[in-house]
Amino acid sequence: MEKSIEMQDGQIAENPIRFHEKFRALFGLGQVDVRQYSPLTLAYLGDAVYEVIIRSIVVERSNAPVNKLHKRSSTLVKASAQARLIKAIEARLTEEEVSVYKRGRNAKSYTMAKNATMTDYRMATGFEALMGYLYLKQEYERIMELVHLGLEAMKAI
């Protein structure tokens, strides 16, 4: 049986897979076939996943007034930054990940981000779809790996 508590860096940390199981049970959520979700639904979730990662990095790096934190995180979550990030990591994606990214990129959206080109917006939507897909598949380490590689390539960290 898998342990629900693990030691990480001398600290007790709950296993993220076990956390996800508890989350699903607590809110009465059943099993999902993530391939059945529309790319825009995946992007909707992936946008939040990526934003939480970026906000966590920004907050951990400096305790500052909220408006400064927002400005710092906004530079990394806007469509043009996400487009640069996906360009930086695209060669490192698996076939499955490329497929999800392309489905998201090619999805017909009826809105567009402010101050973004259509190309950047579509690439960002593809990136967000990939983040949502990996999140629903509970591939948290892969999410962290890809975001880290992208931010590193952009010299954002």
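**View 1. The second largest pocket of this predicted model has a volume of about 210 Å³.** Its lining is made up of His20, Phe23, Arg24, Leu29, Val32, Tyr37, Thr41, Tyr44, Leu45, Tyr135 and Leu136. Helix H1 (16-26), H2 and H6 each give two or more residues to this lining. By class, eight lining residues are nonpolar, two are polar and one is charged.

**View 2. Phenylalanine 23 pairs with phenylalanine 27.** The structure holds three aromatic pairs. In this one, the ring centres lie 5.3 Å apart and the planes meet at 55°, so the pair is tilted. Phenylalanine 23 has 30% relative accessibility and counts as partly exposed. Phenylalanine 27, at 55%, counts as exposed. Phe23 also belongs to the lining of the second largest pocket.

**View 3. The largest pocket holds about 470 Å³ of space.** It is lined by 18 residues, and Asp47, Ala79, Ala113, Tyr121 and Glu128 are the closest to its centre. H2, H4 and H6 each supply at least two lining residues. The lining divides into nine nonpolar, five polar and four charged residues.

**View 4. The largest nonpolar core has 34 residues.** Those with the most contacts inside this core are Tyr50, Ile86, Ile89, Phe127, Leu130, Met131 and Val147. Helices H2 (39-61), H3 (66-77), H4 (79-89), H5 (95-106), H6 (118-136) and H7 (140-153) each give two or more residues. The largest share, eight residues, comes from H6.

**View 5. Tyrosine 50 is shown with the residues it touches.** Leaving out residues up to four places away in sequence, these are Leu76, Val77, Gln82, Leu85, Phe127, Met131, Val147 and Leu151.

Technical notes: Residues are numbered from 1 along each chain as its sequence is written. This is a predicted model: local features need pLDDT of at least 70, side-chain atom pairs count only at pLDDT 80 or more; totals for chains, interfaces and linings use all residues. Side-chain values use heavy atoms; hydrogens and water are left out. Rings of Phe, Tyr and Trp (its six-membered ring) pair if their centres lie within 6.5 Å; planes under 30 degrees apart count as stacked, over 60 as edge-to-face and the rest as tilted. Buried means under 20% relative accessible area, exposed over 50%, partly exposed in between (1.4 Å probe, protein chains only). A nonpolar core is a set of buried Ala, Val, Leu, Ile, Met, Phe, Trp, Tyr and Cys residues joined through side-chain atoms within 4.5 Å. Helices (H or I, at least four residues) and strands (E, at least two) are DSSP runs, numbered from the N terminus. Contact means heavy atoms within 4.5 Å. On a 1 Å grid over the protein atoms alone, a cavity is a set of points where a 1.4 Å probe fits but cannot get out, and a pocket is an open set with protein on both sides within 12 Å along at least five of seven lines; lining residues have an atom within 4 Å of a point. Grid points are joined across faces, edges and corners, and a volume is the space filled by probe spheres set on the points. Ala, Val, Leu, Ile, Met, Phe, Trp, Tyr, Cys and Pro count as nonpolar, Asp, Glu, Lys and Arg as charged, and the others, Gly among them, as polar.
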